[in-house]
Amino acid sequence: MRLQNKSFWTGLVLSIVIYAVIQLLIDTGALNDFAESTLILICINIILGVSLNLINGFTGQFSIGHAGFMSIGAYLSAIMTLDFNMPFVVALIVGGLTAAVAGLIIGIPSLRLKGDYLAIATLGFGEIIRIVWLNTEYVGGASGLSGIPTQTNWTWIFIWTLITVVVINNFVNSTHGRACISVRENEIAAEAMGINTTKYKVMAFVIGAFFAGIAGGLSAHMFYIINPNSFNFIKSFEILVIVVLGGLGSTSGSIVGAIVLTLLFTFLQDFPEIRMIIYSLLLILMMIFRPKGLLGTREFSFNFLGKKGEAK
Amino acid sequence: MEYYLQQLINGISVGSIYALIALGYTMVYGIIKLINFAHGDVFMVGAFMGLFASRFLSAKGLSPVWVFILALLFAMIVCAVLGVVIERTAYKPLRNSTRIAALITAIGVSFLLENGGIFVWGAQPKGFSEILPKHQFNLFGTVQIDSNQILILVVTVILMVVLQYIVHRTKIGKAMRAVSFDQDAALLMGINVNTTISATFAIGSALAGAAGVIFGMTYNSIDPLMGIIPGLKAFVAAVLGGIGIIPGALVGGLLLGVIETAVSSTGFSLWRDGVAFLILILILVFKPSGLFGKNVREKV
């Protein structure tokens with residue numbers, strides 16, 4: 001079982017150390033607000049990247065509507081805290097579960113569609129969600145919701161990032177996760193081996209959408225304001241880029257991708273005029289020279305810390 | 001009745017722009033199985049080229065008809081070159097890598113054109129001067145149609161007929177069909193696959209350029225981000241008609257234009273884009289090969 005795996009415990013301990021160190025730095029004021037919000041942004045992107053990676057990287061279902069799930073989580077959790085005075089955790093989970101239901105709905109077309117067709121259908125689905133928000137007066141239409149209480153802090157974001165990474169990593173290494181990977185490798189062969197491909201494809205969509213919803217809720221409670229246009233398909237592409245940059249089918253790759261891309265964006269903010277030009281050029285060059293992403297399908301592991309004989 | 005007829009005419013004139021862009025999508029997708037996201041931005045570049053050419057030529061004092069024809073040709077040529085350059089530099093190195101890598105590259109090229117456009121021309125919309133003076137014609141009393149709408153449809157149909165001729169009657173068209181059917185076999189038969197793919201990009205992008213000029217003439221305002229939504233809609237049109245099928249793109253485009261106008265005219269104009277995507281999903285779920293496509297079973 002994964003829980004007994006040494007690498008897992010090393011990772012957990014290391015993450016808690018990272019958490020404690022950064023919390024200490026924030027408390028002592030060594031990290032300013034800008035650095036803290038960049039850290040939170042990185043973590044939101046990690047949640048988004050890792051959850052999309054489950055759908056795109058591990059299950060091989062080409063989805064580019066992730067911002068749609070994110071917006072559902074953002075809106076639902078914002079409504080919960082604004083209009084129903086729910087505690088933050090409950091609001092987040094409501095947002096996540098609603099997004100998961102949307103994942104179930106979009107999972108159903110995926111049973112009939114493959115590759116590019118699924119991609120364009122999910123893109124359309126994400127846009128439809130955006131247009132629904134745009135035309136719903138209750139959530140403020142085009143101007144969106146504002147005044148959402150700022151509740152996302154380093155502790156919350158860290159807990160959720162850890163939960164996402166642990167859950168998805170363990171899922172991928174479980175029997176179900178292996179079944180998902182077999183769907184990616186060859187759907188027909190997987191089916192012939194008796195794997196219920198329908199079940200696993202939908203499962204990947206539901207889990208991925210749930211965490212995207214959580215990320216949406218976290219970001220809504222971070223920036224006080226949400227509007228439909230911040231969840232357009234360009235946002236979906238951004239998440240896709242994180243996944244592909246890190247390496248499809250590598251959880252640690254998605255984490256690396258999220259860190260690299262967020263830092264790149266933060267860095268490029270100083271050059272607003274040529275920001276997107278540099279970004280797009282990097283994107284093209286990256287794909288031409290390293291189409292598999294930074295880590296490929298490999299996982300970063302802590303095995304090298306142990307003795308050589310124990311490694312593997 | 002007259003109201004519906006009027007809306008039908010408006011819908012067809014919107015739809016013919018979608019159809020022109022969709023033709024390029026369909027050709028490129030048919031040959032290298034890539035959703036060329038940058039296609040909508042080539043359309044944008046075409047509109048700007050048309051604007052500059054028409055300004056330049058009008059200042060020279062040419063007659064409006066010649067200004068229109070020359071501006072259209074200029075935009076088409078620039079876009080054709082642009083399409084080939086994009087294909088050679090960005091897509092060709094990725095021909096044997098994963099589909100997702102190619103798609104991300106296409107998105108990258110699209111961002112590059114959009115933001116390059118903003119950098120060079122500024123983000124503000126630019127007015128597109130009226131090249132040909134508009135004449136209103138009255139049909140059946142109150143139904144109006146203006147000369148621009150007729151022109152758009154005529155240009156679309158002419159270009160589509162030319163395209164159909166190229167694909168079915170010429171040597172390069174035969175090569176295109178061969179490459180789209182089986183790239184490796186085509187290579188073995190002595191077809192220059194690279195040249196053929198470049199030619200496809202050139203023709204598809206030229207059509208997008210033409211659509212850009214026509215778009216500018218219809219809406220009188222163009223900006224560097226204008227390609228995004230028409231680009232997506234044209235892809236919907238291509239899927240609607242059956243991707244890879246040339247008459248399908250025309251019918252899909254016209255149909256989408258008419259449906260959109262119908263949605264707008266019944267007072268749901270804010271839902272217009274949503275309806276387009278809903279149609280896309282429904283078509284994909286119930287008839288993934290499009291209205292004109294045949295279902296091909298995947299072989300194990």
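This is a predicted model: local features need pLDDT of at least 70, side-chain atom pairs count only at pLDDT 80 or more; totals for chains, interfaces and linings use all residues.

Student: Is H10(A) mostly covered or mostly open, and how many of its residues are buried?
Tutor: Mostly covered: 12 of the 14 residues in H10(A) are buried. Among them are Phe233(A), Lys235(A), Ile239(A) and Gly246(A).

Student: What follows H10(A)?
Tutor: Gly247(A) does, and its phi is positive, near 120 degrees.

Student: And helix H11 of chain A, how many residues has it and how far does it reach?
Tutor: H11(A) covers residues 251–268, which is 18 residues. From first C-alpha to last it reaches 26 Å, close to the 26 Å expected at 1.5 Å a residue.

Student: Which parts cover the buried residues of H11(A)?
Tutor: The cover includes helix H2 (33–58), helix H6 (154–172), H10 and H12, which belong to chain A. The buried residues of H11(A) include Thr251(A), Gly257(A), Leu261(A) and Phe265(A).

Student: Where is Tyr224(A)?
Tutor: In the loop between helix H9 (197–220) and H10 of chain A. Leaving aside neighbours within four places in sequence, Tyr224(A) is in contact with Leu145(A), Ser146(A), Gly147(A), Ile148(A) and Thr150(A).

Student: New topic. How many residues does each chain put into the contact between A and B?
Tutor: Chain A gives 39 residues and chain B gives 41 residues. Between them the two chains bury about 3,700 Å², with 83% of it on carbon and sulfur atoms. Asp116(A), Tyr117(A) and Ile120(A) supply 17% of the area that chain A buries against chain B, more than any other three residues.

Student: Which elements of chain A give two or more residues to that side?
Tutor: Helix H5 (115–134), helix H10 (233–246) and helix H12 (275–289) of chain A. H5(A) gives the most, with 11 residues.

Student: How do the residues on that side of chain A divide into nonpolar, polar and charged?
Tutor: There are 30 nonpolar, four polar and five charged on the side of chain A that touches chain B.

Student: How many salt bridges are there between the two chains?
Tutor: Zero between chain A and chain B. The rule finds one residue pair in polar contact across that interface. Over all chains, the count comes to 10 salt bridges.

Student: Which residue does Lys233(B) pair with in a salt bridge?
Tutor: With Asp273(B), the closest N and O atoms being 3.0 Å apart. Lys233(B) is in helix H9 (residues 228–241) of chain B and Asp273(B) in helix H11 (residues 272–286) of chain B, 40 residues apart. Both Lys233(B) and Asp273(B) are buried.

Student: Which residues are linked with those two in a network of salt bridges?
Tutor: Glu260(B) and Arg272(B) are linked with Lys233(B) and Asp273(B). Arg272(B) forms a salt bridge with Glu260(B), with 3.6 Å between the closest N and O atoms. Arg272(B) lies in helix H11 of chain B and Glu260(B) in helix H10 (residues 246–265) of chain B, so the pair ties together parts 12 residues apart in sequence.

Student: Why does Glu260(B) count as buried?
Tutor: Because its relative accessibility is 5%, and buried means under 20%. Arg272(B), at 33%, counts as partly exposed.

Conventions:
Residues are numbered from 1 along each chain as its sequence is written. Chains are lettered from A and ligands numbered from 1 in the order in which they are written. Side-chain values use heavy atoms; hydrogens and water are left out. Contact means heavy atoms within 4.5 Å. Buried area is the accessible area (1.4 Å probe) that two parts lose on being put together, summed over both. A salt bridge is a side-chain nitrogen of Lys or Arg within 4 Å of a carboxyl oxygen of Asp or Glu. A polar contact is a pair of N or O atoms within 3.5 Å; within protein, one must be able to donate a hydrogen and the other to accept it, and residues adjacent in sequence count only if both atoms are side-chain atoms. Helices (H or I, at least four residues) and strands (E, at least two) are DSSP runs, numbered from the N terminus. Ala, Val, Leu, Ile, Met, Phe, Trp, Tyr, Cys and Pro count as nonpolar, Asp, Glu, Lys and Arg as charged, and the others, Gly among them, as polar. Buried means under 20% relative accessible area, exposed over 50%, partly exposed in between (1.4 Å probe, protein chains only). The expected span of a helix is 1.5 Å times one less than its number of residues.
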